[in-house]
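Hi,

Here is the structure I promised to pass on. Have a look at it first, and then read my notes below.

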Amino acid sequence: MTPSTAEQALRRLELTVTRRLDGLLHGAHQGLLPGTGSEAGDSRVYVPGEDDVRRMDWAVTARTTVPHVRDLIADRELETWALADLSPSMDFGTADTDKRDLVVAAVGAIGFLSSRMGDRFGALVLHDEYVHRMPARTGRPALYGLLHSLMDAPRGRAVPDAPDLAEGIEVLSASRRRRGMRLIVSDFLDAHPDLDPEAERPWERPIRRLAARHQVLAVEVIDPRELELPDVGRVAFADPETGNVREVHLSPKVRQAYAEAAALQREGTRRALRRAGIAHLVLRTDRDWVFDVAQFVLRQRRMSHLAHRRPT
């Protein structure tokens with residue numbers, strides 16, 4: 001993709017997000033901890049009867065022999081981090097777009113809406129044998145640079161010992177401890193899938209630990225050919241993660257077994273994210289992703305309203 005074409009694609013993405021999603025995904029900042037904030041501020045003299053003794057600054061109190069408390073800074077500027085899966089399995093698409101393009105669209109949608117509020121936005125990228133880190137910055141030029149890097153990344157290649165999704169989530173959890181929003185965009189396909197929907201996924205424990213501290217949104221990107229196969233006879237299948245090639249005759253029995261296995265894999269992903277308490281959004285290459293995002297947000301708001309409604 002040439003620089004002019006990439007720039008036009010990003011401008012169209014920004015225009016789509018700001019026109020169709022602006023005002024839908026964000027609201028007032030709310031910290032995940034009760035109180036005025038979660039970041040420590042300056043110390044001042046303790047006022048009996050007015051200050052909470054649990055915020056006593058014992059280090060300053062010991063040095064000055066005068067009781068001091070430490071104020072808390074309200075969460076006005078938050079950090080949003082995205083984990084973008086650009087492994088070889090994402091370089092696939094048989095409908096209107098590729099799965100990789102949906103990764104860029106999902107990251108760009110959250111990034112544009114976060115940047116309009118002044119929040120910092122950063123990303124970790126699973127690509128080849130590394131987990132690449134793009135530091136969190138504010139402003140539209142920084143976000144454009146991040147999205148350009150995602151679009152210009154070369155196609156993934158089969159490499160030994162490549163980091164999987166679980167390792168990427170571990171790095172995301174350990175890199176930034178400050179509370180905020182975490183976005184995970186992947187197809188959630190494992191190298192050795194377990195078709196038992198109740199079985200624990202390799203990434204389930206890391207994502208559960210991440211959700212204990214942050215607000216997490218999981219975006220599952222799928223293609224219709226990953227759910228069912230067409231009736232086209234003999235086909236050569238290539239595994240993008242390992243490079244292995246195998247010819248398969250797509251008989252009705254094989255196609256039915258494949259569809260059943262795909263349904264079990266997706267159901268296992270859904271149940272694992274639900275057990276971890278993660279918001280789950282599904283984007284397909286054959287659907288309008290903006291419409292799916294809007295429907296997801298409206299559904300989440302409706303469920304939140306019903307959960308907080310007083311019983312009659």
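**Starting at Ser89**

Leaving aside residues up to four places away in sequence, Ser89 touches Lys99, Asp187, Pro240 and Glu241; a contact here means heavy atoms within 4.5 Å. Before going on, please note that this is a predicted model, where local features need pLDDT of at least 70, side-chain atom pairs count only at pLDDT 80 or more, and totals for chains, interfaces and linings use all residues. Residues are numbered from 1 along each chain as its sequence is written, and side-chain values use heavy atoms, with hydrogens and water left out.

Back to Ser89: you'll find it in the loop between β3 and α3. Its relative accessible area is 11%, so it is buried (buried is under 20%, exposed over 50%, partly exposed in between, with a 1.4 Å probe and protein chains only). The side chain of Ser89 also makes a polar contact with the side chain of Asp187, at 2.8 Å. A polar contact is a pair of N or O atoms within 3.5 Å; within protein, one must be able to donate a hydrogen and the other to accept it, and residues adjacent in sequence count only if both atoms are side-chain atoms.

**The whole protein**

There are eight helices and 10 strands. Both are DSSP runs numbered from the N terminus: helices are H or I with at least four residues, strands are E with at least two. Of the 312 residues, 40% are buried.

**The sheet**

Six strands make an open sheet in the order β5-β4-β3-β6-β7-β10, with mixed pairing (two strands pair if DSSP finds at least two bridges between them). At the edges sit β5 (130-137) and β10 (279-284), each pairing on one side only. Within the sheet, β6 (residues 181-186) and β7 (residues 215-222) run parallel and are joined by six bridges. Look for Leu183, which stands opposite Leu217 in β7. Helix α5 (residues 165-175) packs on the sheet and touches β3 (79-85), β4 (120-127), β5 and β6; its direction makes about 150° with that of β4. For such angles, axes are lines fitted to C-alpha atoms, for helices over the stretch in contact, and the angles run from 0 to 180 degrees between N-to-C directions.

**The hairpin**

Strands β8 (residues 234-238) and β9 pair in the antiparallel sense over five bridges, and Ala238 stands opposite Val245 in β9. The two strands form a hairpin with six residues between them, and Gly243 in the turn has a positive phi of about 85°. Is β9 largely in the open or largely buried? The number of buried residues among its five (245-249) is zero, so β9 lies largely in the open.

**Aromatic pairs**

How many aromatic pairs does a search of the whole structure find? The search finds two. Rings of Phe, Tyr and Trp (its six-membered ring) pair if their centres lie within 6.5 Å; planes under 30 degrees apart count as stacked, over 60 as edge-to-face and the rest as tilted. Phe112 and Tyr144 are edge-to-face, with 6.0 Å centre to centre and 70° between the planes. Phe112 lies in helix α3 (residues 99-115) and Tyr144 in helix α4 (residues 140-152), so this pair ties together parts that are 32 residues apart in sequence. Phe188 and Trp203 are also edge-to-face, at 5.1 Å centre to centre and 65° between the planes. Phe188 and Trp203 are both buried.

Cheers
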